[in-house]
Amino acid sequence: MLNADEVNSALWRSKLSKTDIWYAGFGSNMWKSRFLCYIEGGQVIGMKKLCSGSVDRNPPKETRWKTFPHRLFFGRDFTQTWGPGGVAFLDPRSNSEDKAYMCLYKITLEQFNDVLLQENVPDHDMNSPLFDLNALDSILNEGSIPVEAVKRGWYHNVVYLGKEDDIPILTMTCPLSAMESFKSGEIPLCAPSKDYADTLVRGLVEGKQLSEEEATTYIQVASTKPL
């Protein structure tokens, strides 16, 4: 017999599995092998810990690349997954002078919830979704929604980037309050480690967006240009 929590979980998962979104990755998730750790579980070279993966382990239905007018930068100075060094963040606000490469993965809204969980607070109880159909409706007008349930995480701000084939494009980054802390120096800006930067380069090169040299320059500029 399923208990009440298991029934609730099964119900929302069934409902959200019927809706597709594009998840847009701008950091290590640009490398498909790395992103698949969030879906299938596991780890890739350079990672210090395993990902649990999603409940639905089916791979993305499609992958595309686009650029967006947002600023990529690197902040914080240590993570459990990569060790010392900064990791990628995206300024939630758009700016026509900026250009960020992003890899789009068509996944279900159920899978997006599991990715959002693993990017933030992996031990959070998933009896109810973090980001449901009401949130998906709201974000089309609001532009971004900080997910309170995982606000301890660094990537709890879900940002709407438009539509592709009439399907919403979502990413996750820091909230605007953290942007102010990065600018003031309260939260450190920090260049990425070689292992972490290499995953971004692999993503951009394997995705046929940039040459290895161009990708390396793209990351160097993002990690040195002032906010």
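Select Arg93: in this predicted model, Arg93 is partly exposed, with a relative accessible area of 32%. Asp91 has 11% relative accessibility and counts as buried, because the cut-off for buried is under 20%.

Next, select Arg64 and Glu164. Their closest N and O atoms are 2.9 Å apart, and the pair is a salt bridge. Now colour by secondary structure. Arg64 sits in strand S2 (residues 62–68) and Glu164 in strand S9 (residues 157–164), so this contact ties together parts that are 100 residues apart in sequence. Are these two residues buried or exposed? Arg64 is partly exposed at 21% relative accessibility, while Glu164 is buried at 15%.

Then move to Lys163 and Asp166. Their side chains meet in a salt bridge at 3.8 Å, N to O. The cut-off for a salt bridge is 4 Å, so the pair is counted. Lys163 is partly exposed, at 38% relative accessibility, whereas Asp166 is exposed, with a relative accessible area of 62%.

To finish, display every salt bridge found by this rule: the count comes to 15.

Conventions: Residues are numbered from 1 along each chain as its sequence is written. This is a predicted model: local features need pLDDT of at least 70, side-chain atom pairs count only at pLDDT 80 or more; totals for chains, interfaces and linings use all residues. Side-chain values use heavy atoms; hydrogens and water are left out. Helices (H or I, at least four residues) and strands (E, at least two) are DSSP runs, numbered from the N terminus. Buried means under 20% relative accessible area, exposed over 50%, partly exposed in between (1.4 Å probe, protein chains only).
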